[in-house]
Amino acid sequence: MKKIHLQRVAPADIEARSMELIAQELGDRVFPADQLPVVKRVIHTTADFEYADNLVFSPGAVEKGIAAMKAGCTIVTDTQMAFSGVNKRVLEKFGGRAVCFMSDPDVAAEAKERGETRATVSMERAAALDGPLVLAIGNAPTALVRACELMDAGKFSPALVIGVPVGFVNVVESKERLFEVCTAHGVPAIVAMGRKGGSNVAAAICNALVYSAAGMLDPTDRGWK
């Protein structure tokens, strides 16, 4: 059996080394300077370089997302996993917070009574919140559908929508619809087109934005255009 030699890396250096390797594998690919940290953070989370191609940004989406973080926004996730993955310690330095309504008993009860999904009711709860709002949707296409309906009705104008649900049923279509509606209403959006995505991707994008707001970008981002 061939002996495998593992490279010894100090725990504090693992992420920095990972980002260096990602930069190397991206090679000559060039991204807008503000989008690169988002792309790299998602690849770091998933080890999937296809995100370099399927992440789509509306004009100014990253800049506006960072501004929302600095303004103490509320991040609303559609899963407890995404909620857990958001770095709330850094977010709270700006006066922000993350919430997830999916496990709330009253949300579950209302969804059952109305014959809707909890994700649908959660988006309605989100629309009633005050202050700048970022939606981080990594699982439920119905959350994107309801968000689109509320935006079309003039009842919802998030500071940013992160639309990255994963799966097969209505996933591709809901993402395309989201980007269309956000464009029509001037709502910034970051979307992972296609079937790929997930709660970990939603949290990774949130963290890339909050780290950018806090000036915590990794050193390998320097020099990219």
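Mentor: Start with Asn170, in the loop between strand E5 (160–163) and helix H10 (171–185). Helices (H or I, at least four residues) and strands (E, at least two) are DSSP runs, numbered from the N terminus. The model is predicted, so local features need pLDDT of at least 70 and side-chain atom pairs count only at pLDDT 80 or more, while totals for chains, interfaces and linings use all residues. Residues are numbered from 1 along each chain as its sequence is written, and side-chain values use heavy atoms, with hydrogens and water left out.

Trainee: Why is Asn170 called partly exposed?

Mentor: Its relative accessible area is 48%. Buried means under 20%, exposed over 50%, and partly exposed in between (1.4 Å probe, protein chains only). The value of 48% falls in between, so Asn170 is partly exposed.

Trainee: What makes the phi of Asn170 worth a remark?

Mentor: Phi is near 65° there, a positive value in a residue other than glycine. Most residues other than glycine have a negative phi. Ala47 is a further case: its phi is positive, about 60°, and it is not a glycine.

Trainee: Is Ala47 buried or exposed?

Mentor: Exposed. Its relative accessibility is 65%, which is over the 50% limit.

Trainee: What makes H2 "mostly covered"?

Mentor: Eight of its 11 residues are buried. They are Leu36, Pro37, Val38, Val39, Lys40, Arg41, Val42 and Ile43. These residues pack against H1, H3, strand E1 (55–57), helix H4 (61–70) and H11.

Trainee: Gln35 is in the loop between helix H1 (14–26) and H2. Why is Gln35 called buried?

Mentor: Its relative accessible area is 18%, under the 20% limit, so the label is buried. Leaving aside neighbours within four places in sequence, Gln35 is in contact (heavy atoms within 4.5 Å) with Phe57 and Val62.

Trainee: What is the orientation of H4 to H11, and how do you know?

Mentor: The two pack at an angle of about 70°, with their axes 8 Å apart. Axes are lines fitted to C-alpha atoms, for helices over the stretch in contact, and angles run from 0 to 180 degrees between N-to-C directions. Under 35 degrees counts as roughly parallel, over 145 as roughly antiparallel, 65 to 115 as roughly perpendicular, and the rest as oblique. About 70° therefore makes H4 roughly perpendicular to H11.

Trainee: Which residues of H4 and H11 meet there?

Mentor: Val62, Gly65, Ile66, Met69 and Lys70 of H4 meet Cys206, Leu209, Val210, Ser212 and Ala213 of H11. They divide into seven nonpolar, two polar and one charged. Ala, Val, Leu, Ile, Met, Phe, Trp, Tyr, Cys and Pro count as nonpolar, Asp, Glu, Lys and Arg as charged, and the others, Gly among them, as polar.

Trainee: Why does Thr120 count as buried?

Mentor: Its relative accessible area is 8%, again under 20%, so Thr120 is buried. Apart from neighbours within four places in sequence, Thr120 is in contact with Thr142 and Arg146.

Trainee: What makes a group of residues a nonpolar core?

Mentor: It must be a set of buried Ala, Val, Leu, Ile, Met, Phe, Trp, Tyr and Cys residues joined through side-chain atoms within 4.5 Å. The largest here has 42 residues, and Met69, Ile75, Ile162, Ile205 and Leu209 have the most contacts inside it. Helix H11 (residues 199–213) supplies the largest share, 11 residues. Another core lies apart, with 30 residues, among them Cys100, Ala111, Ala147 and Ala189.

Trainee: Which residues does Met69 touch?

Mentor: Not counting residues up to four places away in sequence, Met69 touches Ile75, Leu91, Phe94, Val134, Cys206, Leu209, Val210 and Ala213.
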